[in-house]
Amino acid sequence: MSDRGYYPVTGRKTTGAAFDRIPIDELQNDHPYQWALFVLGYAWIENKPIPFPGVVEQPPLESAISLMEIGGIHGKPYRQWAGDFRPPAEAQADYDANDKKDTNPVPRRFGGFCNHASVSFPTWHRPYVMVVEQAIGDYADNIAQQIANAYPVEGPTWINAAKELRFPYWDWADPKVDEEPFPSVFYADELTIRAPGPEGQMVDVPNPLAFYAFPYIPEDFTQNTRGDLTAYFNLWPQTFRRADSTEAGGSDIDRVITSIVEQRGNIRKQVGQLFMYPDGGDSSMIWDQFSNSLNESRQSDDDSGFGSLEVVHGAMHSFVGGNGHMGYPDYAGFDPFFYFHHANVDRILALWEWCYTDYWMNDGYTANGRLNSWTQQAGTYAQVYNERITDTGEFGMLAPFRREDGSYWTNNDTRFLTPDAYPKYYSYKEFLGVKVDIPAANLQEQQEARARIARYYEVDLQKSARETNRVDIPAPGVGEISLPLNFTSIRGFRLFVILARLPEHAFGHSYDLRIYYKETKPVGNVSVFARTDDSPCRACAFRRTNTAVVRGVIIMSPSIVNEIIVESGIDRSTNTMEITTELITRALTGKLLDVSGKLLASAKGGDSVAEHINDSKQPVYLFDWNSHKALFPSGWKAEDVEATQV
């Protein structure tokens, strides 16, 4: 904490250099000294310091960097973060019980720090993860020096490990998830770490990543009941995952794994699809579609579907959290897994920034010749009568995170590759030839990287066309539609995308849309990560009043489309787009599930691709977007009483 009373978010500035964030399994297996310091540091911010050889005195844990305070930034308890002291000039419009302007009527002064469903979603979470990284890193420096004092021969090794330590990530979309859907490091009772000493001994310590034990239950932690589902946040002494609807609670890791296994292919493809955005688009509108679930700037005639980072991220909250803390935005920040999840979200953002340096939120978007400002609610402080409304857009403030000089971080500060970007002192391990803090040499390098990333995450439409193109789906031929130079249509092949539009607050909590083929074969998932109706979040209340709609994308596997057409028995030589879409509509079913997996409602019931003529390293180009009829024209059938109350 600075002498001024705030916690400056500077990252690992004291190390003097940017080192890579790496996968958690690599940190655990290949960097034993860093891993030991990281585990000890995570236990420390949970206020559960682990006795360790050579450590004479545990550093004091300041309130601002305890997990109790850091976790509360994301939601409850709704109060000012201890690391964000507001000087008098900023607090002059705050609620004052002795001021008539505030007592008649009395407003709710504090409305949380919500930056969901906005262009600031990925940028706000960047300094958030940096807070945890900085706190653990500073602890590691202290402990490493104590170990060096006790074990001088090993001292340089421990000190260097602390210097290079950065927060790890878990890539939940990586093909390796097929082998280990949910790493045991996140739920094992104990972890094995390296201890100092001539023998190089390994010791088992309590796992601080498995759960967080609350030192106390804040007064606004509530019992959330909807239908026959209850989350007892006012009683549960620790964080749970896929929690039972009982006062005792408990985590169900088997259900976490089952949820991830069922939808892992869809999540992987949704990440790959993020790298299919075309060049030459409107900078602000493309950023808006990529960055968040609301897509404020999307025009009514825009039927494209590339997906958003926020929607993909919401799925992991659903799969891991369920009826537990990760499944509820007001409580998610207390689950230790939250920060590994968001480190990966930040990594995807960094890769996307590198690939699409021209796309950014700017100060608004232009539609019909008019510049429109982004309308994200400040949220942080309710707009008391004379309070100044803060700026939005690229220079909008990211409260409660302050820079070293006491000013708030802005969206612009979070960028990696701009000349005025605020130093962050971390990067990411090179991925498929991309080093996110070193700009691409040219556009071709960016384009080829996009193609590699999309294919890594199993969006390889050229391969799909070769392997599944046994049926003729009408698609424009050469010369029938304008395409970028050196691209040609893949004849007879279309990619079908389901564009889901889901009311954010339809059920008063988070929920999932699942699409199935033949009733049981998963096609895809869109998760709505929403706060409960009684949440004090001001920005959420604004979106609820304005019936905000979450937009998600489900990519239909070309093999499923092929199977639908083949099994229909139609004369494929006379196939039309209308026939194809009718067959798809009849073949799919939909389910709306609550956070516990309970069925709320059920329902029964594409675009073209071009490839580069001579260069297979180039990404494919999606074109000729066509909107077809509703997937479920007959509507939804309520399967639970809760679905009749919305």
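Colleague: Where is Gln444 found?

Modeller: Gln444 is found in helix 12. Helices here are DSSP runs of H or I, at least four residues, numbered from the N terminus. This is a predicted model, where local features need pLDDT of at least 70, side-chain atom pairs count only at pLDDT 80 or more, and totals for chains, interfaces and linings use all residues. Residues are numbered from 1 along each chain as its sequence is written, and side-chain values use heavy atoms, with hydrogens and water left out.

Colleague: Why does Gln446 count as buried?

Modeller: Its relative accessibility is 9%, so Gln446 counts as buried. Buried means under 20% relative accessible area, exposed over 50%, partly exposed in between (1.4 Å probe, protein chains only). Gln444 is partly exposed, at 43%.

Colleague: Which side chain does Gln446 join in a polar contact?

Modeller: That of Thr357, at 3.3 Å. A polar contact is a pair of N or O atoms within 3.5 Å; within protein, one must be able to donate a hydrogen and the other to accept it, and residues adjacent in sequence count only if both atoms are side-chain atoms. Gln444 has a polar contact too, with the side chain of Glu448 at 2.9 Å.

Colleague: New topic. Where does helix 8 bend?

Modeller: At Gln263, by about 60°. The bend is the angle between axes fitted to the seven residues ending there and the seven starting there. Gln263 is one of the buried residues of helix 8.

Colleague: And how many aromatic pairs does the structure hold?

Modeller: The structure holds 56. Rings of Phe, Tyr and Trp (its six-membered ring) pair if their centres lie within 6.5 Å; planes under 30 degrees apart count as stacked, over 60 as edge-to-face and the rest as tilted. Phe38 and Tyr42 make an edge-to-face pair, 5.9 Å centre to centre with 70° between the planes. Both lie in helix 2 (residues 32-45), 4 residues apart, about one turn of the helix.

Colleague: Are those two buried or exposed?

Modeller: Phe38 and Tyr42 are both buried. They also belong to one aromatic cluster, whose members include Trp35, Phe167 and Trp170.

Colleague: Last one. What is the mean pLDDT?

Modeller: The mean is 85, and 84% of the residues reach 70 or more. pLDDT is the predictor's confidence in each residue, from 0 to 100. Over residues 378-390 the pLDDT is below 50.

Terms used:
Helices (H or I, at least four residues) and strands (E, at least two) are DSSP runs, numbered from the N terminus. Contact means heavy atoms within 4.5 Å.
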